[in-house]
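Subject: Structure handover

Hello,

Here is the structure I promised to pass on. Please open it first, then read the notes below.

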Amino acid sequence: AAALICQGQDRSIAIASGSKIEITNSQGVVQKTIQFSEEVEGYPVSLDVSGGFLVASTSMSFLKLWNVSKSTPKQLGATRKFEGFAQQPLGEIRSVRVNKDGTRVSLLVDQRLNAQGVPAENGTLKVPDARIFVYDTDSDNFLEYQVGQSCVPVAHFWDSTDARLLCCEVVPQALAYSEKPMPPEENKKAPSHCAITLFIATSEQILLQDNISCIDPENHSVTRMPAGLIVPRVYFSRLGTSEDGGDPITKNVLRDFAGLENMDEETTAALLNFSYHLACGNTDEAYKSVKGVRSSNVWESMSKMCVKTGRLDVAQKCLGQMSHARAAGALRQCPEQEPEARLAVVAVHLDMIDDAEQLLKQCGRYDLLNQLYQASGNWEKALDVAKTKDRIHLKPTHYAYAQHLEALEDVEGALTHYEFSGTYRTESPRLLCSMGMTEELGNYVEKSDDSHLHRWYAQFLESKADLDGAAREYTKANDWLSLCRVACFNEDLDRAQKICEDSQDQAACYHLARHLEAAGHFKEAMHYFQLAGRSSHAIRLAQENQYDGDLMSLALSSDPSGMAQAAKYYEQKGQPSKAVILYQKSGQQKRALELCFSARLFDALRKISDELNAESDPTILAKCAEFFMQHEQHDKAVHLLSISKQFDRAVQLCAEHDVQITEDMAERMTPEKNSMEPSHRAEILQEIGKLCRKQGSFQLACKKFTQAGDKLKAMKSLLNSNDTEKIIFFAGTARQPEIYILAGNYLQSLDWHNDPEIMKNIIQFYSKAKAFDKLAAFYDACAQVEIDEYRDYDKAGGALKEALKYMTKAAGEGDERVISLQSRITLVDQFANVRQMAKTEPDQMVAVCERMVDLPDIESAVRMGDIFAQLVEYYGEMNDYNSAHRTVERMRQRGIVLTPYLDRSLLETIYRAVGQPLPEDEGEQRPAPPDEMEEEIPEED
């Protein structure tokens, strides 16, 4: 590596040689030596000199900087390792460049990647880094800037006059290392082969200033590479030979200096400062830097620079300085909110049409882009934008293009685009007429299927007195009104009538009807008025000409106002029956009823009453109800009284005349909640309930009593219906002790001992009512059933114990009923044990039975027949038939019927064994069934 050092007229060369840098004169004589520690720093691999400052990078990625403007090189700062925070290596330095004042050093870097594509010191794959690094000596920090995706920097150099501006050559390369992938929108802006200029704005920021393609557009698109940067130009050298005669060195003016490349150094420096501060976003400093400039060209250039950099606020000041009133006024009046759209306005006034186009595309304002294309005469692009991006303005764009073509007298093109814009119905005929192309107009309309065009052309021909041609065109347009009008004008009534009959067009029929009325053909006029849907006109003609026969049918097909008009006419003519029908159909029921009463039209009145409802006039309802009461039609009277909310009178009428109340009638007679005092409403419901109960509608009576709040009466009514399921449901929802008791008493009247569900409900209802005496009586009845039906004294004892538990709750410990139950339980338990002793202790069992037979109150707990039957069955099993016979005879002596207790076969065996005949009367007798417990439900008023 070597670098040329220029100091005035002296020239010397810095050469990297091994582990040192030798500074020689132009003859190669070494004058100075800078030594490196090869073990610590490595050997120098890249050198650069600028403005008296020398920079070197070593093989171990160290940077060293010297001031070589003096006789002895002086190192600036400490040796700097190329690494980031936490001593993380940033790569291998490929090339270094220093700026003119030695404050910043730019670096191009390579990265060594491992198999996973991650940077590593021992990586085998060496690829260029897509970033350019800048070392800032003041902050001792490395800045970085990524030039693009799949692009790498290959050359770099600083501006020789300004220490802030850096130029870098960028080339596309697929194999490039990028630490962070760029966003898609930034990737689209990534440069191809180009030179980019960068502002090193601060110690933390690098900003893009310009982008210049390395393809020379003025010299057969030859590739070139940047060679130097001296504001305001970038210099390029051509690759290869110059056989075509072109210059080997070319130059491009920076974007911010376009048109100002020949300014003096002071203005150039001011513009560079302006560009720098603008890139940093420091508007005030940017404006201060050019405040002293007086050239309008400079201000115009700065305005264009503001457009390119997107600084609208600075552009406004620049327009003011260059006295561009038209552009400033347009910008002030611009209503758009997007900054890009406002910048596009400035760009248009500065003749930057391409930039305005890009700005409008950038902010998505394709409507303004469409207008820009139209204003610049680029109609193909305008139509393309309207078709793809600005569909809402597609037709206006076609219309504007058609007007443009009309001005150029391109008739065919104008007609085509008028059709595309949807304005051909008026614009195409206007165009052809204005140019006197009458024949072409006829041909154009003839080819079209649009009815509006044919109607317009028909009117045009009619204005020229060509009625036949006009009729032909009106027919194509299906304009039956105009056809009928032309026929009437020619007094061709037959054709006019045929047109109306065939088309059934209401407008045509109305026109013909008015024409016939004016001609005195009233019957035909009425017919066509009716076809036109103008029944009121037909009715008017019928009344004026006393066509009473036609008037009724016309009125019935008319609207309510027409019916009322005809009804009034019939009323005046003394035909009330027709008037009533029409009044009723027109909705004037009150007037129809008044007419029925005055004319005593009873049949019509009945029909009207059938159509009355709750929304009818209460006065009408009351009158009709009065009428039906006078004629003893009480059911209809009740219906109307209920509808008119005369509930008391309706209920009274039902009671007086025994009107059968149906469910619908009961609902109609039920006042709505909050429509009257609750007590009054309850009285009405009570009366309805009593009537329903009297008529045998017990469930309906239950419903009304419930609505009245008297659930006890409701339950009593429901009990009369014998609907067990509904009784159980109602008792469960009523939640009143009296109702629970009534339900339990009712269920006891059923076959509860064969239905466990009924038994469960009885116990549940008595328990909920806390009617312990009733519950005790029920358990007592259960015990008696177990004894009488099944001779099961074990279960009977359990039932009696339950009865004792609830009787104790009801009456207390010392009550006679409790004491009686306790004694019964003792006897029942004793007899139940006796039956168990038959197999284990038979002698004791016989003794106990004999004692129990002699007890005085034994029948209150144990049936005497069961005791004797136990003895007889035991003796029979022991084949002691004499004792068994004696026991049977004792039963007969006490008047006990044998068959309910003893099996007939056993009796026959006993009597056969003792040689006695079986008494004949024993097979016929049966004990009387026990009485069922019922409770009489008294009727209440």
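**The second largest pocket**

Strand β13 gives the most to the lining of the second largest pocket, with three residues. This is a predicted model, where local features need pLDDT of at least 70 and side-chain atom pairs count only at pLDDT 80 or more, while totals for chains, interfaces and linings use all residues. Residues are numbered from 1 along each chain as its sequence is written, and side-chain values use heavy atoms, with hydrogens and water left out.

Some terms come first. Strands (E, at least two residues) and helices (H or I, at least four) are DSSP runs, numbered from the N terminus. The search for pockets and cavities runs on a 1 Å grid over the protein atoms alone: a cavity is a set of points where a 1.4 Å probe fits but cannot get out, and a pocket is an open set with protein on both sides within 12 Å along at least five of seven lines. Lining residues have an atom within 4 Å of a point.

The second largest pocket holds about 740 Å³ of space. That volume is the space filled by probe spheres set on the grid points, which are joined across faces, edges and corners. The lining has 29 residues, and the closest to the pocket centre are Phe82, Gln88, Pro89, Leu90 and Gly91. Two or more lining residues come from each of β9 (80-81), β10 (92-98), β11 (104-113), β12 (125-136) and β13 (141-146). By class, the lining has 11 nonpolar, nine polar and nine charged residues. Here Ala, Val, Leu, Ile, Met, Phe, Trp, Tyr, Cys and Pro count as nonpolar, Asp, Glu, Lys and Arg as charged, and the others, Gly among them, as polar.

**The sheet with β13**

Four strands form an open, antiparallel sheet in the order β10-β11-β12-β13. β10 and β13 are the edge strands, and each pairs on one side only. Two strands pair if DSSP finds at least two bridges between them. On average, neighbouring strands of this sheet are turned by 30° against each other, direction ignored.

β12 and β13 share six bridges. Val134 has Leu143 of β13 as its bridge partner, and Tyr135 stands opposite Phe142 in β13. The hairpin of these strands has four residues between them, and there Asp140 takes a positive phi near 50°. Ser150 also has a positive phi, near 60°. Ser150 sits in the loop between β13 and β14 (151-158).

**A second sheet**

Another open sheet has four strands in the order β18-β19-β20-β21, paired antiparallel. β18 (215-216) and β21 (249-253) each have a single partner strand, so one side of each is left without a neighbour in the sheet. Two bridges join β18 to β19 (residues 222-230). Ile215 has Thr223 of β19 as its bridge partner.

Which bond joins Val231 and Pro232? A cis peptide bond does, with omega about 15°. Pro232 is in the loop between β19 and β20 (233-238). Most peptide bonds are trans.

**Two helices**

Helix α21 (residues 535-544) packs on helix α23 (residues 560-572) at about 10°, with axes 10 Å apart. That makes α21 roughly parallel to α23 (under 35 degrees; over 145 is roughly antiparallel, 65 to 115 roughly perpendicular, the rest oblique). Axes are lines fitted to C-alpha atoms, for helices over the stretch in contact, and angles run from 0 to 180 degrees between N-to-C directions. Ile539, Arg540 and Gln543 of α21 meet Gly562, Gln565, Ala566 and Tyr569 of α23. Contact means heavy atoms within 4.5 Å.

Best wishes
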